[in-house]
Amino acid sequence: MNTVQNLIDILKQAGMRITPQRRAICAYLAENDNHPTAAMIYDDLKAEMPSLSLMTVYNTLNTLANLGAIHVIGQAGDDTVHYDADTEPHINVICINCQKIVDVPSEHLVEIRQDIDRQSGYRLIGSRLSFYGLCPDCQAKAESSSGH
Ligand SMILES: [Zn+2]
């Protein structure tokens, strides 16, 4: 998991000026495991930081993602890109109804990574593995509305 400081260091190394806005975005990423979209970060931070622009959020996320410091999960059925600040190998499970994304650790991932490493010859820097489905909340709602 990234710390605030290590995200800030990565932005500095990329030549970005560390403004209070960018610092707040880094802190948000380090402190939340909600797999936010740019809009979620903007909405959560703008109350205490009126000078924040959505463009700054996008730029900062893009830079961090391009450098491999955070992962782009892609959309969760909501046509919006989600980001993950946890770059340790883990699996994301995505609800296609409410777009909730949770992390599931799996000891098998280490073996899979070793397999890919051996077979591809690539120097691996990360992985993304997502499963899609209905979360327990949405399953319960679907069942109660179908009259069972
Ligand atoms: Zn759901």
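## Terms and model

Two strands are said to pair if DSSP finds at least two bridges between them. Helices (H or I, at least four residues) and strands (E, at least two) are DSSP runs, numbered from the N terminus.

The model is predicted, and local features need pLDDT of at least 70, side-chain atom pairs count only at pLDDT 80 or more, and totals for chains, interfaces and linings use all residues. Residues are numbered from 1 along each chain as its sequence is written.

## The chain as a whole

The chain holds six helices and five strands. In sequence order, the pattern is α-α-α-α-β-β-β-β-α-β-α. Along the principal axes, the C-alpha atoms fill a box of roughly 55 × 45 × 20 Å.

Of the 148 residues in the chain, 20% are buried. A residue is buried if 20 or more other C-beta atoms lie within 10 Å of its own, exposed if 12 or fewer, and partly exposed in between, with C-beta atoms placed from the backbone. Two residues are in contact if their C-beta atoms, placed from the backbone, lie within 7 Å. Among contacts between residues at least 6 apart in sequence, 50% join residues at least 24 apart.

Strand S3 covers residues 91-95. In a regular strand the side chains alternate between the two faces of the sheet.

S3 pairs with strand S4 (residues 101-104) in the antiparallel sense, over four bridges. Ile-91 stands opposite Val-104 of S4. Five residues lie between the strands of this hairpin, where Gln-99 has a positive phi near 65°. S3 also pairs with strand S5 (residues 129-133), in the parallel sense and over five bridges. Here Cys-95 has Gly-133 of S5 as its bridge partner.

## Helix H5

Helix H5 runs over residues 108-120, and its end C-alpha atoms are 18 Å apart. The expected span is 1.5 Å times one less than the number of residues.

H5 is hardly covered, as the count of buried residues in the helix is zero. Gly-121 follows H5 and has a positive phi, near 75°.

## Cys-138 in helix H6

Cys-138 lies in helix H6, residues 136-145. Cys-138 counts as partly exposed because 15 C-beta neighbours are inside 10 Å.

Leaving aside residues up to four places away in sequence, Cys-138 touches Cys-95, Asn-97 and Cys-98. Cys-138 and Cys-95 are 43 residues apart in sequence, and their C-alpha atoms are 8.2 Å apart in space.
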